[in-house]
Amino acid sequence: MILLYFMLWVIFLGDVTPEICLFGVMVAAVMFAFTCRFMDYSMEKERRLYHRLFGICMYGYVLIAEIVRANMAVIHMILSEREELRPVVVHFRSRLKTPMARSLMADAITLTPGTITVSLEGEDFVVHCLDESLAVGMDESEFAVMLSEFERPQEWEQNRDGKGGRNG
């Protein structure tokens, strides 16, 4: 939030000088203090926000890398004369707890060339793969690991606020 306040300050003034930056840091700090005092915000929430933002950037990086890698594999499959494609439909149950995480997993699978999420009902995924080799380890992919990491802070928040979870 404090970074957002500072960025808005610089955008509104339309110039970047040492004086504007110094005064912007002070204004952002005052606004952040006001937000913490009167709007139920805290330094802990700020830290979690930046931690989550880093995780989202890493997820985007992994997604792009997987898309490029899958593109290369599919191009190789298509252009290779000796390789016979063996399409397969894979059923697996995800360990992801939230509907949002499962939806992001389904989107990541569909965005990756050679795979399409056919159905997502609760925790059960049905995925069509262009070849059996693309189906290996789908339920334990990097996407699933990263999305389960995203769910952990949310569980901690719910437990801390007394709104559910194991300790709530």
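Modeller: Ala, Val, Leu, Ile, Met, Phe, Trp, Tyr, Cys and Pro count as nonpolar, Asp, Glu, Lys and Arg as charged, and the others, Gly among them, as polar. By these classes, the largest pocket's lining has 8 nonpolar, 5 polar and 3 charged residues. This is a predicted model: local features need pLDDT of at least 70, side-chain atom pairs pLDDT 80 or more, while totals for chains, interfaces and linings use all residues. Numbering runs from 1 along each chain as its sequence is written, and side-chain values use heavy atoms, without hydrogens or water.

Colleague: What makes a residue part of the largest pocket's lining?

Modeller: A pocket is an open set of 1 Å grid points over the protein atoms alone, where a 1.4 Å probe fits, with protein on both sides within 12 Å along at least five of seven lines; lining residues have an atom within 4 Å of a point. Here 16 residues line the largest pocket. E66, R69, T112, L134 and V136 lie nearest its centre.

Colleague: Which helix supplies the largest share of that lining?

Modeller: α3, with 4 residues. Helices are DSSP runs (H or I, at least four residues), numbered from the N terminus. α3 spans 43–79 and α5 spans 142–161; each supplies at least two lining residues.

Colleague: What makes up the second largest pocket's lining, by class?

Modeller: 3 nonpolar, 2 polar and 8 charged residues. α5 gives the most, with 6 residues.

Colleague: Why is L3 called partly exposed?

Modeller: L3 sits in helix α1. Its relative accessible area is 42%. Buried means under 20%, exposed over 50%, and partly exposed in between (1.4 Å probe, protein chains only). L3 falls in between, so the name is partly exposed.
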